Amino acid sequence: MRANVGQASWPARSLCACFLLLLAACSTPPENKPAPAPAKPAPTPDLFRVNLETSKGAVVLEITRAWAPHGADRFYELVKNGYYDGDRFYRVVPRFVVQFGINGDPKLSQLWSSFRIPDDPVKQKNRKATLTFATSGPGARTTQVFVNMRDNLSLDHQGFAPIGRVAEGMDVLEGLYGGYGDMPPRGSGPDGVEIERQGHVYLENHFPRLDYIVKATVQ
């Protein structure tokens, strides 16, 4: 996914086109100051759950570190730092994927996007309800993730390593607003590049009906 699924056009990695899923000195005005460096959380548990309080209801994600250690560590760190709080579900394609993971603050998004994580071997298949990092190629995973809304087994051979699954709330994800369509160039929905550049201002002005994560917390 350009950070699309296929972040080749897809989750700061643009996922492949075929699957797009998918800073300052003391004198600088406050609004131009760089985002603070993320805090380092405690070691990642072998198994943990993440509660997503969304605009449509509750979703629970179960992350298994053995599936993809680097991805699980990053997801745990992002949740613990509140990165996903307020994030929009900007790519909602029924019977394909639901994608999120670009922060509404461009400075914060840029900061985390500079922290790429090593690839994990694909140990689990991209079956319906699995959670996977979006990537645009080797060594390109950062913050964007997607839930497979069907079995997308072709992604297994493209390096998309699931880190967990939806334990509760698939019906909530299936009910997210998807009327804007897929990301460019496959559709006329939200453009990941513009979200990274403008943040939530862009989404609020052009895609106001998107559902969102109110708060993400580790159980």
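Predicted model: local features only at pLDDT ≥ 70, side-chain atom pairs only at ≥ 80, totals over all residues.
Local features here need pLDDT of at least 70, side-chain atom pairs count only at pLDDT 80 or more, and totals for chains, interfaces and linings use all residues. Residues are numbered from 1 along each chain as its sequence is written, and side-chain values use heavy atoms, with hydrogens and water left out.

Visitor: How many helices and strands does the protein have?
Guide: Helices (H or I, at least four residues) and strands (E, at least two) are DSSP runs, numbered from the N terminus. From that end the elements run β-β-α-β-β-α-β-β-β-α-α-α-β. The total is 5 helices and 8 strands.

Visitor: What percentage of the residues counts as buried?
Guide: Buried means under 20% relative accessible area, exposed over 50%, and partly exposed in between, with a 1.4 Å probe and protein chains only. The protein has 219 residues. The buried share is 53%.

Visitor: Which residues of β1 point to the buried face?
Guide: Side chains alternate along β1, residues 47–54.

Visitor: Over how many bridges does β1 pair with β2?
Guide: A hairpin through 2 residues joins β1 to β2. β2 covers residues 57–64, and the two strands pair in the antiparallel sense. The count is 8 bridges.

Visitor: Which residue of β8 stands opposite L52?
Guide: β1 also pairs with β8 (residues 213–218), in the antiparallel sense over 5 bridges. Within that pairing, V50 has V218 as its bridge partner. On the β2 side, L52 stands opposite V59. In β8, the residue opposite L52 is A216.

Visitor: Is T64 buried or exposed?
Guide: T64 lies in strand β2. Contact means heavy atoms within 4.5 Å, and T64 touches D46, L47, I163 and G164, not counting residues up to four places away in sequence. With a relative accessible area of 18%, T64 is buried.

Methods. Pairing = 2+ DSSP bridges.
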